[in-house]
Amino acid sequence: MSARLGNVQFVRKEDRVIPMHGGAAFEGVLNVVGYSGANATLLPQSQQQGALVSLGTGLTSQEGYLVDFGTSFLMVMEFTPQGPRANAVLSYSQNADPDSPRFVDQTELFSGKQLRPILFEKADILADPALVTTELVVDNTSRLE
């Protein structure tokens with residue numbers, strides 16, 4: 001049986017299944033991904049792998065290859081006479097809240113082999129329609145003594 005990689009290797013984020021490219025280090029790929037099951041954060045673990053068919057590859061009997069680790073941040077950068085130009089992506093997105101628009105946005109970009117621009121110039125940052133500014137105020141009562 002043959003299948004497209006994206007049909008059998010994926011990231012699960014709540015009820016969303018997102019195709020994921022990459023492979024194991026022994027396969028000679030640069031984009032290493034896989035499944036560990038280790039909960040390395042204080043966040044709840046949202047992905048549970050099904051029964052394993054192959055411990056060496058992580059293949060499961062019903063789902064295929066669930067991915068929960070590997071390439072996590074990818075950036076390309078160019079130094080030009082006008083200044084740096086860069087694009088990047090956080091492979092597993094930035095937010096653990098399923099209700100946040102940032103829960104799957106960058107995972108979908110990474111799945112589609114797309115990056116987002118990194119803004120360096122103040123004018124570009126201020127022109128970003130997604131810009132949110134938060135002002136932190138610290139007064140004398142905030143100091144630890």
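What follows is a short tour of a sheet, one of its residues and a nonpolar core. Keep in mind that this is a predicted model.

- Strands 1 and 2 run antiparallel, with 4 bridges joining them.
- Phe10 sits opposite Pro19 of strand 2.
- As background, strands of a sheet pair through backbone hydrogen bonds, either parallel or antiparallel.

**A look at Gln9**
- You'll find Gln9 in strand 1, which covers residues 9-13.
- Gln9 counts as buried because its relative accessibility is 7%, and the cut-off for buried is under 20%.
- A polar atom of the Gln9 side chain lies 3.0 Å from the backbone oxygen of Gly22.
- Setting aside neighbours within four places in sequence, Gln9 touches Ile18, Pro19, Met20, His21, Gly22, Gly23, Val33, Tyr65 and Val67.

**The nonpolar core**
- The largest nonpolar core has 7 residues: Val11, Met20, Val33, Val67, Val89, Tyr92 and Phe110.
- In soluble globular proteins, nonpolar side chains tend to be buried together.
- Val89, one of the core residues, has contacts that include Phe73, Leu74, Leu109, Phe110 and Leu115, leaving out residues up to four places away in sequence.
- Ser72, Gln106 and Gln114 are also among the residues that Val89 touches.

Notes:
Residues are numbered from 1 along each chain as its sequence is written. This is a predicted model: local features need pLDDT of at least 70, side-chain atom pairs count only at pLDDT 80 or more; totals for chains, interfaces and linings use all residues. Side-chain values use heavy atoms; hydrogens and water are left out. A nonpolar core is a set of buried Ala, Val, Leu, Ile, Met, Phe, Trp, Tyr and Cys residues joined through side-chain atoms within 4.5 Å. Buried means under 20% relative accessible area, exposed over 50%, partly exposed in between (1.4 Å probe, protein chains only). Contact means heavy atoms within 4.5 Å. Helices (H or I, at least four residues) and strands (E, at least two) are DSSP runs, numbered from the N terminus. A polar contact is a pair of N or O atoms within 3.5 Å; within protein, one must be able to donate a hydrogen and the other to accept it, and residues adjacent in sequence count only if both atoms are side-chain atoms. Two strands pair if DSSP finds at least two bridges between them.
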